[in-house]
Amino acid sequence: MKLRLARRALGDAVVVAVEGELDLFTAPLLRDEVRDAIKQDGPTLVLDLAALSFMDSSGLSVLIEAWRLATGEGGSVTLAAPQPPVARILRTTGLDRRIKVYPDVESAVSSV
């Protein structure tokens, strides 16, 4: 399955919806989208993971890079609605302790 991305402004944040599989081949697409979103729309980023079915270490790398870019610009990154397989990876790696995870986009946006 390919990766589909959709970006929209919501409140003070930019929301990037991530759908499909985030792996070695698709990670560069999200990396570019995150960079563009931060540059064009500001450093407060919410990644909507509700439709993300798979993520490997390449995807984790993109999330870490997004966090570094956003915080370096005075912003933040939050994650919304990860499905169980993705949430498990976030917990196992401890990334959920660095990047806040919320049950839905609205909660993530209201936290910023």
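Of the 26 residues in the largest nonpolar core, Leu 45 and Leu 47 touch the most other members. A nonpolar core here is a set of buried Ala, Val, Leu, Ile, Met, Phe, Trp, Tyr and Cys residues joined through side-chain atoms within 4.5 Å. Buried means under 20% relative accessible area, exposed means over 50%, and partly exposed is in between (1.4 Å probe, protein chains only). At least two residues of this core come from each of strand 2, helix 1 (27-41), strand 3, helix 2 (57-72), strand 4 (76-80) and helix 3 (84-93). There's also a second, separate core of seven residues, including Ala 13, Val 15, Ala 80 and Val 105. As a general point, nonpolar side chains in soluble globular proteins tend to be buried together.

Before going on, a word on the model: it is predicted, with local features needing pLDDT of at least 70 and side-chain atom pairs counting only at pLDDT 80 or more, while totals for chains, interfaces and linings use all residues. Residues are numbered from 1 along each chain as its sequence is written, and side-chain values use heavy atoms, with hydrogens and water left out.

Back to Leu 45. Leaving aside neighbours within four places in sequence, Leu 45 is in contact (heavy atoms within 4.5 Å) with Val 14, Val 16, Val 34, Ala 37, Ile 38, Ala 66, Ser 76, Val 77 and Thr 78. One of these, Ala 66, sits in helix 2 and is buried, with a relative accessible area of 1%. Not counting residues up to four places away in sequence, Ala 66 touches Val 34, Ile 38, Leu 45 and Val 77.

Now for the sheet. Helices (H or I, at least four residues) and strands (E, at least two) are DSSP runs, numbered from the N terminus, and two strands pair if DSSP finds at least two bridges between them. Five strands form an open sheet in the order 1-2-3-4-5, with mixed pairing. At the edges are strand 1 (4-10) and strand 5 (100-102), each pairing on one side only. Two of the pairings look like this:

| Pair | Direction | Bridges |
|---|---|---|
| Strand 2 (residues 13-22) and strand 3 (residues 44-55) | parallel | eight |
| Strand 3 and strand 4 | parallel | five |

Gly 20 stands opposite Leu 52 in strand 3, and Asp 48 has Ala 80 of strand 4 as its bridge partner. Four of the five residues of strand 4 are buried, so this strand is largely enclosed by the rest of the structure.

How do helix 1 and helix 2 sit together? Their axes (lines fitted to C-alpha atoms over the stretch in contact, with angles from 0 to 180 degrees between N-to-C directions) come within 9 Å and cross at roughly 10°. The two helices are therefore roughly parallel to each other, a label for angles under 35 degrees. Among the residues making the contact are Leu 30 and Val 34 of helix 1 and Val 62 and Leu 69 of helix 2.

Two more residues deserve a look. Ala 81, in the loop between strand 4 and helix 3, has a phi near 55°, a positive value in a residue other than glycine. Most residues other than glycine have a negative phi. Ala 81 counts as buried at 17% relative accessibility. Thr 93, by contrast, is found in helix 3 and counts as partly exposed at 46% relative accessibility. The C-alpha atoms of Thr 93 and Leu 60 are separated by 9.0 Å, although these residues are 33 residues apart along the chain.

Conventions:
Parallel < 35°, antiparallel > 145°, perpendicular 65-115°, else oblique.
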